[in-house]
Amino acid sequence: MGAPGALPEKRGAERPAEVFGPVGAGARRWSGKDQFGAGGEKMSGKDVKRVVQYFYSIPEMARILREEQREVEDVYDTLKAAAGGEVGHGGGSPGRPVEMAASRAVDKGAWERAGEIGVKLEVLEGDAAAVRTCLDGLCGRYKRVLEMRHRFGYSWGKISVTLGVPDSTARNWYHKAVLCLGEALEDVPMADELVGRASRARTT
């Protein structure tokens, strides 16, 4: 995305652990029903901007989660190997200290945590794909002005200079980009959940 030449990354990710709320089989619903789309409310410009900011935070959030997942799985595999491959299955001599420690680790939910992280990664990947599809439907200048503003945090002056247009034109493109993207996001399945996760990401 963006123009040729490397644009500097502006910011780090939000803390992924607080984006989802309680996670069981999936992310918690933000509201009781889909509020956007046919017959529903229009997505506000504020919500659209939150979703865009969230989208650009997803790669780093996913990286942090994958690191945690690898650490949890490494601990589990190490304990399992030390216990003779019978962690969590009642094999071996339960009185041996290593096996007891491994069993306690499993009881505390180390493996369950790895699975929970997997669910969160799936949610992030789905959100990224949905928002990317909507962004790809925008014209190039709209897509680029959103990226400059929300991914790299450029000032309006810098955006104007980079695009080679007056400040007022850059702002107009941005406003139209938000409107067009909002219309596209309203058609995303369970758009209210997406907005909810984006809102939590912006407040952590």
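Of the 204 residues in this protein, 40% count as buried, where buried means under 20% relative accessible area, exposed means over 50%, and partly exposed is anything in between, with a 1.4 Å probe and protein chains only. What we are looking at is a predicted model, in which local features need pLDDT of at least 70 and side-chain atom pairs count only at pLDDT 80 or more, while totals for chains, interfaces and linings use all residues. Residues are numbered from 1 along each chain as its sequence is written, and side-chain values use heavy atoms, with hydrogens and water left out.

Let me turn to confidence, since pLDDT is the predictor's confidence in each residue, from 0 to 100. The mean pLDDT of the protein is 78, and 64% of its residues reach 70 or more. Over residues 22-34 the value falls below 50, and this stretch has 28 contacts in the model beyond near neighbours in sequence, a contact being heavy atoms within 4.5 Å. Residues 87-93 also have pLDDT below 50, with eleven contacts in the model beyond near neighbours in sequence.

As for the fold, the protein has seven helices and zero strands, and reading along the sequence gives the pattern α-α-α-α-α-α-α; these elements are DSSP runs, numbered from the N terminus, with helices being H or I of at least four residues and strands being E of at least two. Among the contacts with a separation of 6 or more, residues 24 or more positions apart account for 75%.

Now the interior. In soluble globular proteins, nonpolar side chains tend to be buried together. A nonpolar core here is a set of buried Ala, Val, Leu, Ile, Met, Phe, Trp, Tyr and Cys residues joined through side-chain atoms within 4.5 Å. The largest such core holds 42 residues, of which Tyr54, Leu135, Val145, Leu146, Ile159, Leu181 and Leu185 touch the most other members. At least two residues of this core are supplied by each of H1 (45-82), H3, H4 (140-151), H5, H6 and H7 (191-203), and the largest share, ten residues, comes from H1.

Which helices pack against H6? I will take two cases, H5 and H4. Helix H5, residues 156-163, and helix H6, residues 167-186, pack at an angle of about 100°, with their axes 9 Å apart; axes are lines fitted to C-alpha atoms, for helices over the stretch in contact, and angles run from 0 to 180 degrees between N-to-C directions. H5 and H6 are therefore roughly perpendicular to each other, given that 65 to 115 degrees counts as roughly perpendicular, under 35 as roughly parallel, over 145 as roughly antiparallel and the rest as oblique. In this contact Trp156, Gly157, Ile159, Ser160 and Leu163 of H5 meet Asp167, Ala170, Arg171, Trp173 and Tyr174 of H6. Those residues divide into six nonpolar, two polar and two charged, with Ala, Val, Leu, Ile, Met, Phe, Trp, Tyr, Cys and Pro counted as nonpolar, Asp, Glu, Lys and Arg as charged, and the others, Gly among them, as polar.

H4 and H6 likewise pack at about 100°, with axes 9 Å apart, and are therefore roughly perpendicular to each other. On the H4 side the residues are Arg141, Tyr142, Val145, Leu146, Arg149 and His150, and among those they meet in H6 are Ala170, Trp173, Tyr174 and Leu181. The residues of the H4 contact with H6 divide into ten nonpolar, one polar and three charged. Histidine 150, in helix H4, counts as buried at 8% relative accessibility, and its C-alpha is 10.0 Å from that of valine 51, 99 residues apart in sequence.

A few individual residues deserve a look. Aspartate 127, in helix H3 (residues 110-136), is buried, with a relative accessible area of 6%, and touches Tyr54, Ile58, Leu194 and Arg197, not counting residues up to four places away in sequence. Cysteine 134 also lies in helix H3 and is buried, at 9%; with the same exclusion of residues up to four places away, cysteine 134 touches Leu181, Ala184, Leu185 and Val188. Methionine 61 in helix H1 counts as buried at 0% relative accessibility, and its C-alpha is separated by 8.3 Å from that of leucine 124, 63 residues apart along the chain.

I finish with methionine 190, found in the loop between H6 and H7. Most residues other than glycine have a negative phi. Methionine 190 has a positive phi of about 55° although it is not a glycine, and it is partly exposed, with a relative accessible area of 41%.
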